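Here is a short briefing on one protein model and its ligand. Start with the structure itself, then read the points by topic.

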Amino acid sequence: MPIEITPLTTHIGGRLTGIDARRPLAPDEVAAIEAGMDRYAVLVLPGQAIDDAQQLAYTANFGPFQDGANSTERREELRLDPAFADVSNLDKDGRKLSRDDRRRMASLANRLWHSDASFRVVPARYSILSGRIVVSKGGNTEFADMRAAYDALDAATKAEIEDLVCEHSLIYSRGQLGFEAYRADELARMKPVRHRLVRTHPVTGRKSLFLSSHIGTIVGWPQPEAMAFIRDLAEHATQPEFVYAHRWTQHDLVMWDNRTTMHRVRRFDDLNSVRDLRRTTTRGEGPTAEQEAA
Ligand code: OGA
Ligand code: MN
């Protein structure tokens with residue numbers, strides 16, 4: 001089957017057909033998918049009824065894994081293999097999380113625009129999200145193109161931000177929602193990390209804004225000034241012109257490049273309906289900035 005990609009918007013998103021993600025990929029298929037990612041930043045592969053082992057094998061084509069489990073989950077609470085981020089509203093016994101469940105509180109931060117694992121020294125390259133059970137109302141995933149957003153800035157702003165470095169932590173994103181109750185062992189794992197605000201894609205050479213709700217300040221700036229500016233940039237970068245909104249169909253496999261996009265999930269009735277999405281994630285090339293000396 002030939003690989004075909006149909007654009008979904010002017011800037012971002014492509015619908016890819018001609019791949020069976022259940023089977024091993026040939027090198028030229030991997031290359032075609034990567035080229036599609038470099039161009040569209042988000043690819044939607046419909047009709048991929050994969051299981052966990054197949055998702056892991058598919059993901060391994062795109063580099064080393066980023067650990068999936070997040071800092072508020074205890075190993076014994078995990079429903080899925082730790083290589084997965086469990087993007088569901090279910091506990092390990094398949095029951096819906098209750099309204100005040102801590103894991104549910106933490107996962108609500110997915111409703112804020114973010115880039116996956118930007119709170120790690122080596123942030124994510126690709127996220128690969130499989131729609132095992134989807135909801136009929138709400139729960140769209142939206143993606144914003146940080147390349148187009150960068151391109152649309154005026155020259156003075158581009159010059160001003162060129163060398164800025166931000167600090168990212170889960171504390172900041174969740175803190176925006178008032179979630180602050182951490183155990184000491186969690187806090188130790190949430191120390192802020194530093195990333196450049198402007199990144200250059202290693203293959204295309206295109207520049208993009210590395211924004212994320214995990215950002216809590218700009219190095220060397222007073223925090224309120226930094227956050228007001230980051231909000232302005234995020235508002236600019238998530239205008240409808242730069243966004244693709246994905247409405248899920250069961251067995252969609254959606255992959256995005258975290259180096260060049262932000263995403264968020266929209267509200268849905270998670271107390272009364274089941275949504276089971278499973279994410280695997282690969283690591284980027286390396287740190288984007290020097291870290292603060294320990
Ligand atoms: C993710 C994420 C959004 C969603 O998987 O990284 O943010 O649609 N998910 O649940
Ligand atoms: Mn995410």
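This is a predicted model. One open sheet has 3 strands, in the order β8-β7-β11, and the pairing is antiparallel. A second open sheet also runs antiparallel, with 3 strands ordered β12-β6-β14. The ligand 1 site includes T141 and H263.

- The edges are β8 (193–196) and β11 (215–218). Each has a single partner strand, so one side of each is left without a neighbour in the sheet.
- From one strand to the next, the twist averages 35°.
- Strand β7 covers residues 165–168 and is joined to β8 by 4 bridges. These two strands run antiparallel.
- Within this pair, C166 of the chain sits opposite H195 in β8.
- Helix α8 (residues 223–237) packs on the sheet. The helix touches β7 and β11, and its direction makes about 115° with that of β11.

- The edge strands here are β12 (243–246) and β14 (261–265). Each of them pairs on one side only.
- Neighbouring strands are turned by 20° against each other on average, direction ignored.
- Strand β6 spans residues 141–145 and pairs with β14 over 5 bridges, in the antiparallel sense.
- F143 stands opposite H263, a residue of β14.
- Strands of a sheet pair through backbone hydrogen bonds, in either a parallel or an antiparallel way.

**Ligand 1: the shell**

- By class, the shell divides into 4 nonpolar, 4 polar and 3 charged residues.

**Ligand 1: polar contacts**

- T141 places a polar side-chain atom 2.5 Å from an oxygen atom of ligand 1.
- For R279, a polar side-chain atom lies 2.7 Å from a ligand 1 oxygen atom.
- H263 has a polar side-chain atom 3.1 Å from an oxygen atom of ligand 1.
- How much of ligand 1 does the protein cover? The protein covers 99% of the 290 Å² of accessible area that ligand 1 has on its own.

Technical notes:
Residues numbered from 1 in each chain as written. Chains lettered and ligands numbered in written order. Predicted model: local features only at pLDDT ≥ 70, side-chain atom pairs only at ≥ 80, totals over all residues. Heavy atoms only, no water. Near = heavy atom within 4 Å. Polar contact = N/O pair within 3.5 Å; in protein donor to acceptor, adjacent residues only side chain to side chain. Areas by Shrake-Rupley, 256 points an atom, 1.4 Å probe, with all protein chains shown as cover. Nonpolar A, V, L, I, M, F, W, Y, C, P; charged D, E, K, R; others polar. Pairing = 2+ DSSP bridges. Axes fitted to C-alpha atoms, helices over the stretch in contact; angles between N-to-C directions. Contact = heavy atoms within 4.5 Å.
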